[in-house]
Amino acid sequence: MATRVTAVVVDDHPAVRAGVAYWLAAGDPPIDVVAEGEDVKAAWLGPGADADVVIFDLHLGGPAPAFGDLRRLAEAGRRVVVYSMRTDDEVALQCLELGALTYLTKAEGAEHLVEAARAAAQDRPYTPPSLAGALAGDRSEARPALSAREAEVLVEWFQSESKEFVAHRLGISTSTVNSHLERIRVKYARIGREAPTKAALVARAIQDGLIGVDDL
């Protein structure tokens with residue numbers, strides 16, 4: 001039997017919250033919305049504090065994106081799926097850099113939202129069409145100097161369910177895998193392109209041509 005997945009929906013439009021809850025409940029298997037609200041408190045208090053996934057709108061009653069709230073959720077270890085009206089690539093990439101597991105536009109509908117929520121519950125990134133376009137269109141000139149082994153470990157990790165599987169595939173220890181990934185994060189941080197989560201590293205690797213969207 002599939003493990004029950006729970007979600008909290010943070011959006012300042014009641015109709016959107018109701019629609020998201022309906023879509024998630026209709027999934028196979030269903031995802032239970034245990035809390036919803038018009039501001040981020042719904043994700044910190046009551047049943048929402050323990051939800052597996054946070055479905056998060058960037059604009060909560062104001063014109064400015066709620067990047068600070070997104071950062072605090074990610075830093076607390078919450079699995080966040082940003083679901084927004086914004087379609088600009090720069091905002092999508094910034095959300096990944098802040099720790100969101102994926103970014104969807106509200107034009108992408110039920111199928112992508114359900115798949116993104118299910119992936120987030122398993123700490124996996126998900127790449128909907130709009131995000132694929134944002135990633136493919138961003139080619140940063142500032143790239144870290146990764147060794148061949150570091151690049152190999154990174155790509156294997158993206159395509160594997162666990163670091164243990166990567167270790168087995170490459171014939172190294174899990175601690176060595178962790179060391180490589182930590183060095184990669186440090187190298188990105190040193191050039192001002194932090195990548196604190198797996199989703200952020202996926203974004204960086206696609207931006208830098210280490211892996212293609214179709215390879216994930």
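**Group meeting: a walk through the model**

Asp123 is partly exposed, because its relative accessible area is 41%. On that scale, buried means under 20% relative accessible area, exposed means over 50%, and partly exposed lies in between, with a 1.4 Å probe and protein chains only. Asp123 has a positive phi of about 60°, although it is not a glycine. It sits in the loop between helix 5 (109-121) and helix 6 (129-136). Helices (H or I, at least four residues) and strands (E, at least two) are DSSP runs, numbered from the N terminus.

Before going on, a word on what we are looking at. This is a predicted model, in which local features need pLDDT of at least 70 and side-chain atom pairs count only at pLDDT 80 or more, while totals for chains, interfaces and linings use all residues. Residues are numbered from 1 along each chain as its sequence is written, and side-chain values use heavy atoms, with hydrogens and water left out.

Next, the domains. The domain assignment of the protein chain gives domain 1 (6-137) and domain 2 (148-215); such bounds come from an automatic or database domain assignment. Taken over C-alpha atoms, the centres of domain 1 and domain 2 are 24 Å apart. How many residues of each domain are in contact with the other? For domain 1 it is 12 residues, in contact with 13 residues of domain 2. Contact here means heavy atoms within 4.5 Å. The area buried between domain 1 and domain 2 is about 930 Å², and carbon and sulfur atoms give 69% of that. Buried area is the accessible area (1.4 Å probe) that two parts lose on being put together, summed over both.

Now to strand 1. Strand 1 (residues 5-10) and strand 2 (residues 31-37) run parallel and are joined by 6 bridges. Two strands pair if DSSP finds at least two bridges between them. Ala7 has Val33 in strand 2 as its bridge partner. Between these strands the chain passes through helix 1 (residues 14-25), and this β-α-β crossover is right-handed. Right-handed is meant as follows: with the strands pointing away from the viewer, the path from the first strand over the helix to the second runs clockwise.

Also in strand 2, Glu36 stands opposite Val9. Strand 1 is joined to strand 3 as well, by 4 bridges, and these two run parallel. There, Val10 has Phe56 as its bridge partner.

In a regular strand the side chains alternate between the two faces of the sheet. Are the two faces of strand 1 covered or open? Both are covered: Val5, Ala7 and Val9 on one side, and Thr6, Val8 and Val10 on the other, are all buried.

One detail belongs to the loop between helix 1 and strand 2, where Pro29 lies. The peptide bond from Asp28 to Pro29 is cis, with omega near 0°.

On to the cores. In soluble globular proteins, nonpolar side chains tend to be buried together. A nonpolar core is a set of buried Ala, Val, Leu, Ile, Met, Phe, Trp, Tyr and Cys residues joined through side-chain atoms within 4.5 Å. Which members of the largest nonpolar core touch the most others? Of its 25 residues, they are Phe56 and Cys95. The elements giving two or more residues to this core are strand 1, helix 2 (41-44), strand 3 (53-56), helix 3 (67-75), strand 4 (79-84) and helix 4 (89-98). Helix 4 gives the largest share, 5 residues.

Leaving aside residues up to four places away in sequence, Cys95 touches Leu58, Phe67, Leu70, Val82, Ala100 and Tyr103. There is also a second, separate core of 21 residues, which includes Ala7, Val9, Leu113 and Ala121.

Last, some features further along the chain. Helix 10 (residues 198-207) is largely enclosed by the rest of the structure, because 10 of its 10 residues are buried. Among them are Lys198, Arg204 and Gln207. Just after helix 10, Gly209 takes a positive phi of about 75°. Ile211 lies in the segment after helix 10 and counts as buried, at 6% relative accessibility. The C-alpha atoms of Ile211 and Ala7 are separated by 30 Å, and the two residues are 204 residues apart along the chain.

Phe165, in helix 8 (residues 163-170), counts as partly exposed, at 43% relative accessibility. From Phe165 to Asp12, 153 residues apart along the chain, the C-alpha separation is 41 Å.
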